[in-house]
Amino acid sequence: MADFSRPGSLYGAIDLGARKQALEAQARREAAGPQAASASVVEVTEETFTTDVVDRSMQVPVVLDLWSPRAPASAQLGPVLEKVVGDLGGRAVLARVNVDASPQIAAALRVQAVPTVLAIFQGQAVTGFQQVLPEQEVRRWLDELMAAVEQFYQANPAARPSTAEGGEEAPAGPPADPDLAAAEEAVERGDLDAAAAAYERLLARAPGHEDAKMGLAGVTLIKRTEGVDPGDLQRRLQDPADLDAHLLAADLEMLSGAVDEAFARVIAVVKRTSGDDRDRARRHLLGLFDTLPSDDPSLAKARRALASALF
């Protein structure tokens, strides 16, 4: 069964690791009324991925259908997904991504074939499949997903979305920092430079602001991976001495949610290098650490492994 214990870290093309921002966006959607969050099918682009997939997954599971008009199997699976997700009555959302029109999403999620179906919940990919399945098997897969989601909420009751009693609007929380809000808006429109500038302004005023630190680290991570050719990178990874390739592969693993794998890859580089290369790998890993909340359980394990590799 999928592990839902880690706070949202998928973000990628995607997300910045600032879970609080996603929760604030969720609160705004709830305040807009139930109709705004109840659509069961949405077409997603690179510009809307954060809002329509990552942010929405903080409220309900998002079934992400990565498809191509060139693939007959996509046309076969699409209607099945619409029917099965639609039968849940709004308890899950189907988000469709045309990978031909949005190649950065496909690259960030390491999609190797279409159709690929991923379940996104609490900001991360938790389960999925890559082949055309009959309706009965898709329904069974979705039932298992919803059962796991319910188990997560039972273990973490404070995370369950709620509405005010009597249908009244829930009271608003404290206003978001203006620079934090500006960064979120910049990310949603795809302006990473503006987002970075807003995070830097906030950090200049509040150096210990965790959301801003995570956000800036996430923007930097995304910018490093723009335009990457996965096939070329895979070939380069055959050379253990290609430091750039292995650090870039770790970046892509972070964006796909494979946090432990990314950390292990860079720590392996630290172990087999020395001098400037070792220090560069160490600093790269510390930058990846900054994309996660300070209490993320993977950080403590990775920090111990890094210390062992260094000393």
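This is a predicted model: local features need pLDDT of at least 70, side-chain atom pairs count only at pLDDT 80 or more; totals for chains, interfaces and linings use all residues.
Helix α8 runs over residues 192-205. At 1.5 Å a residue, its 14 residues should span 20 Å. The C-alpha atoms at its ends are 20 Å apart, so expectation and model agree. Seven positions need a closer look. The buried residues of α8 are L192, A195, A196, A198, Y199, L202 and L203. They cover an arc of only 160° around the axis, which means that they sit on the same side of α8. An α-helix has 3.6 residues a turn, so residues three or four places apart point the same way.

Charged pairs were examined next. Side chains of opposite charge can pair when their charged atoms come close. A search of the whole structure finds 19 salt bridges. One of them joins R201 to D179, with 2.9 Å between the closest N and O atoms. R201 belongs to helix α8 and D179 to helix α7 (residues 178-188), so this pair ties together parts that are 22 residues apart in sequence. The two partners can be described by their accessibility. R201 has a relative accessibility of 42% and counts as partly exposed. D179 has a relative accessible area of 12%; it is buried, because buried means under 20%.

Other salt bridges lie within a helix. In helix α10 (residues 230-236), the side chains of R235 and D232 meet at 3.7 Å, N to O. The two residues are three apart, about one turn of the helix. R235 has a relative accessible area of 56% and is therefore exposed, the cut-off being over 50%. D232, at 30%, is partly exposed. R235 can also be located relative to A245, ten residues away along the chain. The C-alpha atoms of R235 and A245 are separated by 9.2 Å.

Helix α13 (residues 275-289) holds both R283 and D279. These residues form a salt bridge, and their closest N and O atoms are 2.9 Å apart. They are four residues apart, about one turn of the helix. Both partners are partly exposed: R283 has a relative accessible area of 47%, and D279 has one of 29%. Elsewhere, salt bridges that share partners join K83, D87, E135 and R139 into one network.

Note on methods: Residues are numbered from 1 along each chain as its sequence is written. Side-chain values use heavy atoms; hydrogens and water are left out. The expected span of a helix is 1.5 Å times one less than its number of residues. Buried means under 20% relative accessible area, exposed over 50%, partly exposed in between (1.4 Å probe, protein chains only). The arc is that of the directions from the helix axis to the C-beta atoms. A salt bridge is a side-chain nitrogen of Lys or Arg within 4 Å of a carboxyl oxygen of Asp or Glu.
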